[in-house]
Amino acid sequence: MVFKRWHSFDVRFLCLFAATLALGWGFFELASDVSEGDTQAFDESILRYLAALMTPTVVEIARDVTALGSFVILTFLTACVTGGLLLARRFRAALGLATSIAVCGILNGALKSLYARPRPSVVQHLVQASGESFPSGHSMAAAAVYLTLATFVASTVKARRFKVGIMTLAVFLTVSVGVSRCLLGVHYPSDVFGGWLAGSIFALISRLVSASVPHKANPAATANATRDP
């Protein structure tokens with residue numbers, strides 16, 4: 001029984017680690033293309049196409065949706081969930097969440113300074129935005145927060161349909177925030193993809209932190225299993 005638990009833990013940890021490396025490779029490949037200007041023509045054509053679709057109603061919706069990736073809302077949400085995890089004595093989960101989100105915010109600023117990509121100038125900005133463009137801070141933070149929270153919540157339920165529903169909602173929120181940044185003309189599509197990749201990395205890192213030590217087997221359950229024929 002103990003061997004099976006450790007074996008399951010090892011497989012889960014290795015899968016999370018491999019996925020983190022794959023996303024990291026994808027991010028730096030995209031960042032290299034952005035730095036060399038390989039994505040510029042594609043990015044500008046998409047923004048021009050989206051700008052032609054904008055109506056006052058779509059603009060209002062996009063502004064409301066983009067707020068779901070704002071610093072204030074995500075920080076408030078993270079603080080509430082971290083507090084709840086601490087009250088539930090899930091200390092490793094709280095540490096994984098808080099650490100991931102804090103480092104995510106710091107690294108986003110560092111990456112923006114490193115790549116120093118200007119904001120789009122081919123379309124009108126429909127909301128105020130400052131600083132560099134790559135990677136999208138809203139997209140990166142939304143992916144890190146919503147995907148991390150979804151994985152923690154999904155781990156507490158047993159029904160598969162609820163797990164799928166929770167993860168689907170998190171992906172939907174993350175994608176919606178990123179798309180809204182393009183609709184509002186303040187980010188290129190490649191900025192958003194870069195933010196999604198980087199944010200997903202931090203969601204995986206938070207799971208790696210919380211899963212770094214396997215749960216101890218229940219002594220009573222182990223004893224019962226030993227007595228069973």
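Modeller: One term comes up below: partly exposed means a relative accessible area between the buried limit of under 20% and the exposed limit of over 50%. Note that this is a predicted model.

Biologist: Is Arg48 buried, partly exposed or exposed?
Modeller: The relative accessible area of Arg48 is 48%. Buried needs under 20%, and exposed needs over 50%. Therefore Arg48 is partly exposed.

Biologist: How many residues apart in the chain are Asp43 and Arg117?
Modeller: The two form a salt bridge, with the closest N and O atoms 2.8 Å apart. Asp43 lies in helix α2, while Arg117 lies in the loop between α5 and α6. Their separation is 74 residues.

Biologist: Is Asp43 buried or exposed?
Modeller: Buried requires under 20% relative accessible area. Asp43 has 0%, so Asp43 is buried.

Biologist: Which residue in helix α8 pairs with Arg117?
Modeller: The salt bridge is 2.8 Å, N to O. It joins the loop between α5 and α6 to helix α8, so parts 74 residues apart in sequence are tied together.

Biologist: Which residues are linked in a network of salt bridges?
Modeller: Arg117 forms a salt bridge with Asp43. The network links Asp43, Arg117 and Asp191.

Methods: Residues are numbered from 1 along each chain as its sequence is written. This is a predicted model: local features need pLDDT of at least 70, side-chain atom pairs count only at pLDDT 80 or more; totals for chains, interfaces and linings use all residues. Side-chain values use heavy atoms; hydrogens and water are left out. A salt bridge is a side-chain nitrogen of Lys or Arg within 4 Å of a carboxyl oxygen of Asp or Glu. Helices (H or I, at least four residues) and strands (E, at least two) are DSSP runs, numbered from the N terminus. Buried means under 20% relative accessible area, exposed over 50%, partly exposed in between (1.4 Å probe, protein chains only).
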